[in-house]
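Welcome! Let us take a walk through this structure together, one place at a time.

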Amino acid sequence: MSSAIYPSLKGKKVLITGGGSGIGAGLVSAFVQQGARVHFIDLVDEVTATLNTGVLGVAPVFHKCDLTDTPLLEKTLATILGDGPVHILLNNAARDDRHSLSEVTSDYFDKSIAVNLKHMAMCTRVIAPGMKAAGGGAIINFGSISWHLGLPDLVLYETAKAAIEGFTRALARELGPDNIRVTTIIPGNVKTPRQMKWYTPEGEKQIVDAQCLKGRIEPQHVASLAMFLASDDAALCTGHGYWIDAGWR
Ligand SMILES: NC(=O)c1ccc[n+]([C@@H]2O[C@H](COP(=O)([O-])OP(=O)(O)OC[C@H]3O[C@@H](n4cnc5c(N)ncnc54)[C@H](O)[C@@H]3O)[C@@H](O)[C@H]2O)c1
């Protein structure tokens with residue numbers, strides 16, 4: 001697939017959470033190809049494929065960090081900010097572990113909200129002042145179609161994803177005067193290594209049957225939307241969710 005080149009993304013400093021695999025790895029590769037200076041955070045060690053995208057442009061910088069460990073995250077962000085502000089923040093990381101209500105203990109609740117919601121607020125709080133000083137920026141939060149459809153076995157994940165759309169709307173209002181745009185990307189089912197653990201070929205077919213368009217969404221399709229929203233071409237886009245779901249309903 002050939003993609004648009006956005007001149008406004010060249011040289012921009014971009015931070016992607018959860019960039020080690022899945023959609024996040026697709027985002028790293030896409031922004032590197034735009035000539036952006038990409039930093040990404042992940043928990044896992046196996047990020048060789050993501051780092052190899054450096055051959056396409058300026059090599060991305062990997063920071064190993066558990067986003068739910070707030071003191072460690074703040075240290076990591078301080079390192080990233082060491083050579084200047086981040087212009088584009090993609091709050092992408094999450095964990096869609098399946099669970100039933102009976103499993104939602106106090107500890108499980110805290111852990112699930114920490115990995116699916118809290119780090120987005122922590123990253124944004126630390127990154128936004130530099131964006132403001134730089135004259136503006138773009139923050140893209142990753143939501144999910146799951147709560148819109150009411151999919152089974154994901155109560156807390158869906159609760160966090162619903163909250164992210166509210167977070168986006170509130171932040172867009174607060175940060176708009178600083179020329180910081182805040183949007184949500186709402187993916188449908190995207191074919192990633194982790195998703196392929198959840199779905200059988202029959203399950204995949206059911207999803208495609210329910211989509212208006214019959215193709216499988218890949219990380220690069222989500223990255224195309226993210227690049228547009230991050231670019232100056234989306235200069236007046238803020239406060240809303242943008243869907244990439246092939247019309248799944
Ligand atoms: N893939 C889909 O079908 C789909 C659908 C709807 C929404 N989304 C959303 O898109 C985003 C990306 O999804 P994905 O499918 O690529 O997920 P994924 O599980 O494939 O990748 C998430 C990445 O985040 C990292 N991560 C998880 N917890 C972390 C932590 N505590 N600290 C640091 N890194 C951590 C993982 O190691 C992984 O590399 C998520 O916000 C997800 O909710 C995905």
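A residue is called buried when its relative accessible area is under 20%, exposed when that area is over 50%, and partly exposed in between. With a relative accessible area of 23%, Phe62 therefore falls into the partly exposed group. Please keep in mind that you are looking at a predicted model.

A search of the whole structure turns up 1 aromatic pair. Its members are Phe40 and Phe62, whose rings are stacked, with 5.1 Å from centre to centre and 25° between the planes. The two residues are 22 residues apart and the pair links distant parts of the chain, since Phe40 belongs to strand E2 (residues 37–42) and Phe62 to strand E3 (residues 61–64). While Phe62 is partly exposed, Phe40 counts as buried because its relative accessibility is 0%.

Now look at His63, which is also found in strand E3. His63 has a relative accessibility of 11%, so this residue counts as buried. Its side chain makes a polar contact of 2.8 Å with the side chain of His39. Leaving aside neighbours within four places in sequence, His63 is in contact with His39, Phe40, Ile41, Asp42, Thr76 and Ile80.

From here we can turn to helix H3 (residues 70–80), where Leu77 lies. Is Leu77 buried or exposed? At 0% relative accessibility, Leu77 counts as buried. Not counting residues up to four places away in sequence, Leu77 touches Leu15, Ile41, Met122, Cys123, Val126 and Ile127. Leu27, in turn, is 50 residues from Leu77 in sequence, and the two are 19 Å apart in space, C-alpha to C-alpha.

The ligand is our next stop. Which of the 28 residues around the ligand come nearest? They are Ile23, Asp42, Asn92, Tyr157 and Val190. Other residues place polar atoms by the ligand too: a polar side-chain atom of Ser21 lies 2.7 Å from an oxygen atom of the ligand. For Gly188, a backbone N or O atom is 3.4 Å from an oxygen atom of the ligand, and for Cys65, a backbone N or O atom is 3.5 Å from a nitrogen atom of the ligand.

Elsewhere, a charge meets a ring: the charged end of Arg98 sits over the ring of Trp198, 4.3 Å from its centre.

Most residues other than glycine have a negative phi. Asp153, however, has a positive phi of about 65° although it is not a glycine. You can find Asp153 in the loop between helix H5 (146–149) and helix H6 (155–175), and its relative accessible area of 44% makes it partly exposed. Asn179 also has a positive phi, near 60°, and is a residue other than glycine. This residue sits in the loop between H6 and E6, where it is partly exposed with a relative accessible area of 46%.

Our walk ends at helix H9 (residues 219–230). Its 12 residues reach 16 Å from the first C-alpha to the last, close to the 16 Å expected at 1.5 Å a residue. Buried residues of H9 include Pro219, Val222, Ala223, Leu225, Ala226, Met227, Leu229 and Ala230. What do the buried residues of H9 pack against? Their partners are helix H1 (22–33) and the strands E4 (88–91), E5 (137–142), E6 (180–187) and E7 (241–244).

Definitions and conventions:
Residues are numbered from 1 along each chain as its sequence is written. This is a predicted model: local features need pLDDT of at least 70, side-chain atom pairs count only at pLDDT 80 or more; totals for chains, interfaces and linings use all residues. Side-chain values use heavy atoms; hydrogens and water are left out. Rings of Phe, Tyr and Trp (its six-membered ring) pair if their centres lie within 6.5 Å; planes under 30 degrees apart count as stacked, over 60 as edge-to-face and the rest as tilted. Helices (H or I, at least four residues) and strands (E, at least two) are DSSP runs, numbered from the N terminus. Buried means under 20% relative accessible area, exposed over 50%, partly exposed in between (1.4 Å probe, protein chains only). A charge sits over a ring if NZ of Lys or CZ of Arg is within 6 Å of the ring centre and within 35 degrees of the ring normal. The expected span of a helix is 1.5 Å times one less than its number of residues. Contact means heavy atoms within 4.5 Å. A residue is near a molecule or strand if one of its heavy atoms lies within 4 Å of it. A polar contact is a pair of N or O atoms within 3.5 Å; within protein, one must be able to donate a hydrogen and the other to accept it, and residues adjacent in sequence count only if both atoms are side-chain atoms.
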